[in-house]
Amino acid sequence: MTGSTQKAQAMVLAAGLGKRMRPITDTMPKPLVPVAGKPMLDHVLDKLADAGFDQTVVNSHYLGQMIVDHVGMRSAPKVLTSPEEDLLETGGGVKKALPMLDRDVVLVANADVFWTEGAEPLFDRLMAAFDPGHMDALLALYPVSGAFGYDGAGDFFWQVDGRLKRRGDAPSAPYFFTGVQVLSPRLFENTPDGSFSLNVVYDKALAAGRCYGLVHDGRHFHIGTPDALAEAEPIIAGALEDERAKQATVGEL
């Protein structure tokens with residue numbers, strides 16, 4: 001999607017503290033915690049490579065040199081690093097990296113999320129569905145009832161036209177945000193300097209009626225603690241086997 005001499009069209013957020021994953025994260029950043037045989041960060045980067053992204057940005061903060069050293073060994077995609085001396089949160093992290101990113105559209109994914117693909121790869125679906133004519137944000141959602149390990153009340157209502165509405169004062173909402181999204185860089189105009197949440201830009205897009213959702217049709221796993229990781233591993237192994245079998249069947253058609 002983007003050549004190595006061009007700006008990156010994707011960013012992976014890998015700067016978090018990973019406190020809930022202690023004691024594992026006492027000695028490694030959460031994105032490097034292995035799931036299904038390889039670091040969570042590599043699962044995301046491999047999916048970017050499969051989707052045709054040959055250059056991406058990865059930010060870092062907590063035990064950040066481990067992140068920098070790890071991604072430096074990759075050739076696909078080529079990784080540009082954005083170290084943060086002070087933790088900038090999700091919004092501030094993307095804003096700091098904007099000079100390295102495409103000016104028209106950016107795919108952003110958390111480094112510590114895990115999913116298996118549905119009928120089509122999630123990154124492909126998001127990039128194909130993003131319409132800058134009427135969207136500033138397209139968030140990948142998942143049903144609260146179907147995710148492994150998710151115990152929250154949900155984040156959004158997904159309306160008939162695809163636009164999103166926050167849960168607000170409602171006791172629950174049917175969908176939660178997966179941490180994967182496509183954003184217009186113009187959302188970061190007039191945002192705070194320093195640390196701020198991506199919720200700031202979501203609220204801008206929601207207020208303008210330009211924040212949309214896309215429901216992921218594969219599996220999604222919420223892995224927040226060591227116990228959740230141990231519980232998830234055998235289920236993930238089965239989900240990956242199902243995914244490989246499905247891909248093999250498609251390849252034979």
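Begin by selecting Asp203: at 41% relative accessibility, Asp203 counts as partly exposed (buried means under 20% relative accessible area, exposed over 50%, and partly exposed in between, using a 1.4 Å probe and protein chains only). Before you go on, note that this is a predicted model, in which local features need pLDDT of at least 70 and side-chain atom pairs count only at pLDDT 80 or more, while totals for chains, interfaces and linings use all residues. Residues are numbered from 1 along each chain as its sequence is written, and side-chain values use heavy atoms, with hydrogens and water left out.

**Stop 1: salt bridges**

Arg166 and Asp203 form a salt bridge, with their closest N and O atoms 2.9 Å apart (a salt bridge is a side-chain nitrogen of Lys or Arg within 4 Å of a carboxyl oxygen of Asp or Glu). This pair links distant parts of the chain: Arg166 sits in strand β10 (residues 164-166) and Asp203 in helix α5, 37 residues apart. Helices (H or I, at least four residues) and strands (E, at least two) are DSSP runs, numbered from the N terminus. Arg166 also counts as partly exposed, at 29% relative accessibility.

Next, select Asp42 and Arg74, whose side chains meet in a salt bridge (3.1 Å, N to O). Here too the pair links distant parts of the chain, with Asp42 in helix α1 and Arg74 in the loop between α2 (64-71) and β5, 32 residues apart. Are these two buried or exposed? Asp42 is buried, with a relative accessible area of 11%, and Arg74 is buried at 18%.

Arg22 is partly exposed, with a relative accessible area of 43%, and Asp26 is partly exposed at 46%. How many salt bridges does a search of the whole structure find? The search finds 11.

**Stop 2**

Select residues 40-50 to see helix α1, where eight of the 11 residues are buried. Among them are Met40, Leu41, His43 and Val44. Just after α1, click on Gly52, which takes a positive phi of about 100°.

Then move to Thr25, in the loop between β1 and β2 (34-35). Thr25 is buried, with a relative accessible area of 0%. Leaving aside neighbours within four places in sequence, Thr25 is in contact (heavy atoms within 4.5 Å) with Leu17, Gly18, Lys30, Val33, Tyr62 and Leu63.

**Stop 3: helix α3**

Select residues 89-97, helix α3, where Gly91, Gly92, Gly93, Val94 and Ala97 are buried. What do the buried residues of α3 pack against? Their partners are β1 (10-13), β4 (55-60), β5 (78-83) and β6 (106-110).

**Stop 4: the largest pocket**

Finally, select Lys30, Thr90, Asn110, Asp112 and Val113, which lie nearest the centre of the largest pocket among its 40 lining residues. Which strand gives the most to this lining? β11 does, with five residues. α3, β11 (175-183), α5 (199-207) and β13 (219-221) each supply at least two lining residues.

To finish, colour residues 10-144, where UniProt places the feature "domain: Nucleotidyl transferase" in an unreviewed entry. Over this stretch the chain is 27% helix and 26% strand, and the end C-alpha atoms are 26 Å apart.

How values were computed
1 Å grid on protein atoms, 1.4 Å probe; cavity = no way out; pocket = protein on both sides within 12 Å on 5 of 7 lines; lining within 4 Å. UniProt positions renumbered as here; feature names shortened; annotations may be inferred.
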